Amino acid sequence: MSDGAAVTLRGATLRFGHHAVWENLDLDVTPGECLAILGPNGSGKTTLLQVLLGLLPLTAGAVSIDGHPPRRGSPAVGYVPQQHAFDRDLPVRGRDLVQFGLDGHRRGLPRTRSRQVDAAVAAVGATAYAGAPIGQLSGGEQQRLRIAQALVGEPRLLLCDEPLLSLDPSSQQEVVSLINQYRQTRGATVVFVTHELNPVVRVVDRVLYVASGRWAAGSTEDVMTTETLSALYGAHIDVIRVHDRLVVVGGEGPGGIGTHHFDAEPADARLDHDHHHPHGGPHRR
Amino acid sequence: MSIGFFLQQPFAQHALLAATLVAITSGLIGPFVVTRGMAFAVHGTAELAFTGAAAGLLIANNPVAGALIGSLVVAALIATLGARQRERDSAIGAILAFGMGIGILLLGYYRGFATAATNILFGNIFGVSGSQLLVLVVIGAVVVAVMGTWYRPLLFASVDPEVAAARGVPVRGLGLVFLLVLALTVTGAAQVVGTLLVLSLAITPAAAAQRLSANPRRVAALSILFAVIAADGGLLASFEASNVKASVFITSISFGIYLLARLVGPAVREQHHHDHGHDHHPSPTAGPHPG
């Protein structure tokens with residue numbers, strides 16, 4: 001294990017039965033680095049996060065965070081999940097969700113006021129709506145509170161699992177800015193699981209691409225190439241630059257070139273219409 | 001006879017004590033039942049408490065012990081058969097229907113008081129003996145102690161299971177603990193309102209409370225308050241009209257509170273928010289093009 005790495009993976013292998021999700025993964029994430037984990041659905045991006053969260057053991061190999069094995073609920077690790085809908089009348093307010101990030105795992109009755117929570121809520125600009133029921137907030141507002149929830153404990157490592165999914169482009173940019181701001185002021189390490197590289201490409205230092213049980217790691221320029229991705233998938237993949245955006249196009253699959261394939265994911269494209277207008281455009285939810 | 005007269009009587013005092021205790025535990029677990037989508041699990045557990053009570057009545061002339069065992073067995077069955085909600089609900093439906101059938105069979109063999117069966121279904125707190133009352137007190141104390149200890153992590157796990165697991169909350173273990181607490185509470189509530197009407201104390205007050213606030217502490221307090229008002233109010237009303245079962249008044253009061261909460265809820269619950277609607281929020285950290 002190399003000294004001082006925030007996250008270290010050595011020969012890390014995960015199998016479910018005979019199916020190898022990924023094998024012999026070697027990676028060092030240095031403190032303060034921002035890593036994007038990319039790959040198609042089912043390539044094991046989220047399972048890798050679960051390993052880092054201490055929720056899932058490796059089949060083989062070793063993993064360490066700050067030199068120690070991952071531990072469930074470690075205060076040094078923050079976690080931002082996918083945005084998902086809450087029930088409209090869930091008896092929980094935005095600030096309660098943030099409070100959970102601080103002490104939700106401790107026994108006792110819920111606390112309702114805390115200066116740390118106020119500060120975390122203010123830091124993400126959510127003070128105005130933190131008192132509203134969480135189920136009545138928009139996806140972007142919920143994700144801001146999610147970030148406050150993950151950051152309120154001041155983690156050194158922040159793990160984000162598709163934090164931008166189903167957000168409109170301007171909310172995506174806000175979320176990325178908030179996370180990057182925290183990284184820069186605290187020197188924290190950030191790992192993004194995403195299948196859309198473009199919204200995070202400006203803050204990402206390195207990319208880990210997993211596909212078909214294989215992986216490649218390096219700078220965006222090194223990994224996001226026709227050669228590297230074609231080798232990973234074992235099929236021809238085109239990586240095209242359109243202005244400052246990367247477009248990954250699979251050999252087969254529906255949809256026309258340059259219309260829907262902006263994701264860092266080839267083949268059967270998700271049809272996400274709004275995102276072609278990176279600068280604003282209609283963002284109705 | 002007046003309420004004042006009844007309140008002098010030990011049996012009425014016992015009944016009020018039992019009703020209050022049951023209401024507190026029901027009101028306490030109610031918000032979790034609603035949040036975790038477990039209304040049908042409560043109903044299923046109560047129906048099977050009926051089967052247990054019928055068996056207890058037949059075998060040992062002790063419906064309370066029977067109901068307790070019955071609902072604990074159901075909690076264990078629900079835990080093993082249905083992890084996901086949809087799977088859980090169909091499993092509960094299957095168990096419930098079978099169990100009710102067994103209960104009716106058992107009652108067919110019972111040759112005691114004819115009212116015993118209706119007491120199980122619709123409750124009769126006055127029929128609870130001193131020793132059974134003691135059982136209820138112990139059940140109530142256990143429920144309050146467990147909930148008081150695990151309230152926060154259980155709420156976290158109920159609202160936000162994914163992040164709760166990541167933060168080290170034993171989400172699955174707490175789910176099992178909650179099933180047990182639920183079984184205990186249902187057993188208690190069944191003595192007051194009957195197995196068929198348990199939902200009026202375990203769901204309705206919490207549903208009403210949720211209409212009025214989104215603050216978890218306030219919701220818990222309101223849920224308990226509404227359950228106590230319904231249970232004690234219903235009991236007192238039945239002193240005045242002794243030909244009507246207390247459960248009729250309890251369910252009516254409970255439902256009345258719920259209707260009222262639905263009516264005034266939108267105004268009360270929204271008063272704390274600003275008028276953010278669905279507009280975009282400009283903010284200091286917003287991206288280059290804030291809407």
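Two residues are taken to be in contact if their C-beta atoms, placed from the backbone, lie within 7 Å.

## Basis of the description

This is a predicted model, in which local features need pLDDT of at least 70 and side-chain atom pairs count only at pLDDT 80 or more, while totals for chains, interfaces and linings use all residues. Residues are numbered from 1 along each chain as its sequence is written, and chains are lettered from A and ligands numbered from 1 in the order in which they are written.

Helices (H or I, at least four residues) and strands (E, at least two) are DSSP runs, numbered from the N terminus.

## Two packed helices in chain B

Helix α7 (residues 130-159) of chain B packs with helix α9 (residues 171-193) of chain B at an angle of about 145°, and their axes are 9 Å apart; axes here are lines fitted to C-alpha atoms, for helices over the stretch in contact, and angles run from 0 to 180 degrees between N-to-C directions. On the α7(B) side the contact includes B:L136, B:I139, B:V143, B:M147, B:W150 and B:L154, and these meet a set in α9(B) that includes B:V171, B:L174, B:F178, B:V181 and B:L184. The residues of this contact of α7(B) with α9(B) divide into 16 nonpolar, five polar and no charged, where Ala, Val, Leu, Ile, Met, Phe, Trp, Tyr, Cys and Pro count as nonpolar, Asp, Glu, Lys and Arg as charged, and the others, Gly among them, as polar.

## A covered helix in chain B

Helix α11 (residues 204-212) of chain B is mostly covered, with nine of its nine residues buried; a residue is buried if 20 or more other C-beta atoms lie within 10 Å of its own, exposed if 12 or fewer, and partly exposed in between. Among the buried residues of α11(B) are B:P205, B:Q210, B:R211 and B:L212.

## A hairpin in chain A

Strand β10 (residues 237-242) of chain A pairs with strand β11 (residues 245-250) of chain A in the antiparallel sense over six bridges, pairing being assigned if DSSP finds at least two bridges between two strands. A:I240 has A:V247 in β11(A) as its bridge partner, and A:R241 has A:L246. The two strands form a hairpin with two residues between them, and A:H243 in the turn has a positive phi of about 55°.

## Positive phi elsewhere in chain A

A:N24, although not a glycine, has a positive phi of about 50°; A:N24 is found in strand β2 (residues 19-29) of chain A. With 15 C-beta neighbours inside 10 Å, A:N24 counts as partly exposed.

A:S212, also not a glycine, has a positive phi of about 50° and lies in the loop between β8 (206-211) and β9 (214-218) of chain A.
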